[in-house]
Structures are given as structure tokens and as C-alpha cells.
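User: I am new to reading protein models, and I would like to take a close look at a single part. The structure is shown here.

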Amino acid sequence: MSVLILGLLIFLGVHSVRIVAEGWRKARIAQMGEKGWKGAYSVASIVGLALVIWGYGIARHAPLVLWTRPAWAPHLAGLLTLAAFILFAAAYVPGNHFKAWVRHPQALSVVLWALAHLLANGTLHAVVLFGAFLVWALVDFAAARQRDRVEGVVYPGGVLSRDVIPVVIGVVAWGAFAFYLHTRWIGVNPMG
């Protein structure tokens, strides 16, 4: 479990710099240059993510079961992750209603993804992993919304034709992941 926790501290810590130390972040970017900052940020993120994956894999060998998931949990998790995939795609497609309404669809997609996995998994290592991501994403979402208010950011309204793109991308990616890649990469069939 310690490898998993170390990975989460590194990965989520790097992704929390803008939340807790925006001034320090700007100073580092000024000092290192944008490419230097992005390079260091990427390396730290990759190291953290690798430790999360490795630590989760280790913890799966000796799971401590906290609760048995209800029969309906995988179905609700499927719906939540479908919405998460659509919102994640919406973060990168300009001019859609999802971004206009939610403002930060990627953070909200992580909230839904983590919540879905908490519902469908009752082991301690799952609670640590998905609970950490859930808490981080909620804080990140709130901080981003607050930053928008302070800076007076206004998001343009969406166009229906631009909504189709994240929906199609999200549904296709979700289908590929739910019906094939999750089993292949994670070793768990979420639909079975």
C-alpha cells in the first residue's frame, strides 16, 4: 500500500500545485520557461502514475475487503463512467454546451470516474486510490470555478453541432474501454 500512497502523493501533488501554490507555479514557469516546467511536470506525473499503477497492482494481491458491492453498482458505475468519458472529451472540444454549463468538464469527469469505481469496488486499496482521486477532483473543480470567478472568466455558449463530437468520442472510447481495454489492461471485466 505504501507504493500506491507514494504514487498518489506524487501524482496528485503535482496536479495540485495550481490549487495550493499558483504563485510558486508561476515563478517556476518564469524561471524554467514553459517547456522546462512542462517537462518537469510531465516527468513527475509519469513517475507518480507509474507508482500508482505498480502500487495498486501490488495491493490487489492481498486485498482487504471492506464491503461487498451491491448488485446494481456495476450498472450505475457503467453509466457514470459513460458520462465521465463524454465530459473528458468535452474538455478538448471547443464550443460545446458541456463546457459552457460545467466550465471544467475534465475535473467533473474525474469526479464521476472515481465515484463509479468507489461504488463498484469495496477493497481498501480501491478506496485509497479512487477516494484520493475523488477528493482531489472535487477540490480541483471548486478551485477552478473560484479562479474563474476571481479572474472574471466567461465561457461562450455552446453550439449543438459541437456537442455531437464529445458525445461520439466519449461513447466510442467508453465502449472500447468497457468492453475490451479494461479487461485487457486492468484484468477486470466491468461488464461481466
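What follows is my request and one connected reply. Where is the kink in helix 9 centred, and which elements do the buried residues of helix 9 pack against?

Analyst: Please keep in mind that this is a predicted model. Helix 9 covers residues 160-186, and a kink of about 50° in this helix is centred on Y180. Among the residues of helix 9, D163, P166, G170, W174, A178 and H182 are buried, and the buried residues of this helix pack against helix 5, against helix 6, which covers 97-102, and against helix 7, which covers 105-120. After helix 9 comes G187, a residue whose phi is positive, with a value near 85°.

W67 has a relative accessibility of 36%, so it counts as partly exposed, and it belongs to a nonpolar surface patch of about 620 Å², which W67 makes together with M1, I5, L9, L64, L66 and L124.

A143 is buried because its relative accessible area is 18%, and the cut-off for buried is under 20%. Between A143 and W37 there are 106 residues of separation in sequence, while from C-alpha to C-alpha the two are 21 Å apart in space.

Technical notes:
Residues are numbered from 1 along each chain as its sequence is written. This is a predicted model: local features need pLDDT of at least 70, side-chain atom pairs count only at pLDDT 80 or more; totals for chains, interfaces and linings use all residues. Side-chain values use heavy atoms; hydrogens and water are left out. Buried means under 20% relative accessible area, exposed over 50%, partly exposed in between (1.4 Å probe, protein chains only). Patches are made of residues with over 30% relative accessible area and no salt bridge: like charges are joined within 9 Å, nonpolar side chains (Val, Leu, Ile, Met, Phe, Trp, Tyr) within 5 Å. Accessible areas come from the Shrake-Rupley method with a 1.4 Å probe; for residues, only the protein chains shown count as cover. A salt bridge is a side-chain nitrogen of Lys or Arg within 4 Å of a carboxyl oxygen of Asp or Glu. The bend at a residue is the angle between axes fitted to the seven residues ending there and the seven starting there. Helices (H or I, at least four residues) and strands (E, at least two) are DSSP runs, numbered from the N terminus. Contact means heavy atoms within 4.5 Å.
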